[in-house]
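Subject: Structure for you to look at

Hi,

Here is the structure I promised to pass on. Please open it, then read my notes below.

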Amino acid sequence: MAKAVGYAVAMKIAMVYDAVFPYVKGGGERRYYEIARRLAARHDVHLISWQYWAGAARTTIDGITYHGVGAPPALYGADGRRRMSEAVSFSARVLPSLLRERFDVIDCPSVPFLPIFSARLASRARGERFVATWFEYWDAYWLEYLGGAAGRAARMIERAAVRMGDAQIAISATTAARMAAHRPSAMPLHVIEPGVDIERIDRVPAPEKSVDIVCAGRLNAQKNVPLLLRAIAALDRDGRRATCMIISDGPERAALEAMSRELKIDDRVTFRGRIEDDDDFFAAVKSARVFAWPSIAEGFGIGALEGMACGLPCVVAASAFSATEALVRDGETGLVAAAEPDAFASAIASLLSDDPRRAAMGAAAHERASSSSWDRVAAAVEAVYVGVVSAEASGPTR
């Protein structure tokens with residue numbers, strides 16, 4: 001099916017993910033969209049997901065063919081955690097969609113794990129190539145996140161999933177290192193970090209600074225926004241009444257708003273919700289002095305990279321389960337602080353009280369982010385696809 005076109009290969013590519021940009025705005029959704037729309041100029045790109053859009057289940061947007069496998073259920077439960085029932089349902093619906101037509105390569109991400117097994121079955125049944133993209137690898141963190149039998153089961157499923165694919169992509173060196181002990185060493189593994197649209201971000205005018213701190217990211221359990229709220233309350237105790245804007249939405253929003261009232265900081269903490277227009281989003285980020293990233297479980301931290309691209313130094317929480325502290329160079333493009341309120345507050349205060357240091361770190365952060373671009377990311381992912389399609393078959397897909 002694939003045919004040579006110059007140096008590359010014209011391929012029919014299926015990308016499988018249960019959340020789709022711009023209907024769901026997160027790092028993984030953004031990544032697949034930015035890659036897909038660039039590859040669609042040279043390849044036949046299909047994105048298989050829940051049907052977030054109106055009209056026919058199969059439609060074309062930005063040159064990408066979208067396949068809807070059903071009405072989207074809630075991704076998260078009342079506890080702010082991913083719903084297992086959603087993952088099971090999506091996996092079951094994805095399989096017949098993948099079997100309905102032939103693809104050269106299937107790309108399926110690690111989240112929410114179970115679709116990886118559907119992609120594996122489909123690729124083996126049709127003799128196709130399968131690339132597994134790993135946003136993060138939790139392993140022991142599952143025992144903290146879910147606890148008990150559920151945590152142990154999730155860990156076992158993850159360890160089984162990490163053994164699958166003709167090739168794997170990890171979105172950070174940290175994620176790749178965490179996978180190493182449990183994946184087949186002979187399987188090709190490519191580290192391809194996400195990017196930013198630095199040219200677009202640079203075109204957005206920087207408004208006057210109107211808020212001390214900005215935080216942007218889906219409001220769910222692992223983003224750990226309560227740490228930031230408690231840090232703001234700790235700043236109060238030290239006599240600094242910092243202002244904060246929290247951008248985005250998620251299952252924990254109501255609880256976080258209630259928490260800000262309980263801490264008596266709700267007069268200075270604004271929950272903006274999701275900002276639909278990208279330029280408006282980047283302008284809102286640029287209106288702050290410091291970007292806070294309290295998340296304790298990250299495969300990369302694209303939100304922090306966007307904050308850096310906006311010229312803000314980042315304060316990130318130290319965590320054995322987060323790759324963001326490798327992205328943010330401590331003392332150069334931001335600060336890495338212990339994931340407890342006083343330490344996080346102290347790091348924020350040290351930047352807010354030192355304009356020259358904050359400006360120097362912001363400039364270094366922008367320079368670091370400028371080295372990333374979605375064009376480079378798309379080209380690197382395309383090379384992985386071309387490699388697995390062009391390689392001689394060496395046996396069935398793992």
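Start with cysteine 215. Is it buried or exposed? Its relative accessibility is 5%, so cysteine 215 counts as buried. Keep in mind that this is a predicted model.

Two sulfur atoms must lie within 2.5 Å to count as a disulfide. For cysteine 215, the nearest cysteine sulfur belongs to cysteine 244 and is 6.5 Å away. Cysteine 310 is in no disulfide either. The nearest cysteine sulfur there is that of cysteine 314, at 9.6 Å. Cysteine 310 is buried, with a relative accessible area of 9%.

Now the confidence. The chain has a mean pLDDT of 93. Of its residues, 96% reach 70 or more. Look out for residues 393-398, where the pLDDT is below 50. Beyond near neighbours in sequence, that stretch has 14 contacts in the model.

Then the sheet. Eight strands make up an open sheet with mixed pairing. Trace them in the order β5-β6-β4-β3-β7-β8-β9-β10. Which strands sit at the edges? They are β5 (58-61) and β10 (189-191), and each pairs on one side only. On average, neighbouring strands are turned by 25° against each other, direction ignored.

Strands of a sheet pair through backbone hydrogen bonds, either parallel or antiparallel. For one case, find β8 (residues 129-134) and β9 (residues 167-170). These two pair in the parallel sense, over four bridges. Valine 131 has alanine 167 in β9 as its bridge partner.

Two helices come next. Helix α2 (residues 84-100) lies across β3 (12-16), β4 (44-49), β6 (64-68) and β7 (105-109). It runs at about 150° to β4. Helix α3 (residues 114-126) packs on the sheet and touches β7 and β8. The direction of α3 makes about 170° with that of β7.

Last, go to helix α1 (residues 27-39). It has 13 residues and reaches 18 Å from its first C-alpha to its last. That is close to the 18 Å expected at 1.5 Å a residue. Why is α1 largely enclosed by the rest of the structure? Eleven of its 13 residues are buried, so the rest of the structure largely encloses it. Among the buried ones are Arg30, Arg31, Tyr32, Tyr33, Ile35 and Leu39.

Best wishes

Notes:
Residues are numbered from 1 along each chain as its sequence is written. This is a predicted model: local features need pLDDT of at least 70, side-chain atom pairs count only at pLDDT 80 or more; totals for chains, interfaces and linings use all residues. Side-chain values use heavy atoms; hydrogens and water are left out. The expected span of a helix is 1.5 Å times one less than its number of residues. Buried means under 20% relative accessible area, exposed over 50%, partly exposed in between (1.4 Å probe, protein chains only). pLDDT is the predictor's confidence in each residue, from 0 to 100. Contact means heavy atoms within 4.5 Å. Two strands pair if DSSP finds at least two bridges between them. Axes are lines fitted to C-alpha atoms, for helices over the stretch in contact, and angles run from 0 to 180 degrees between N-to-C directions.
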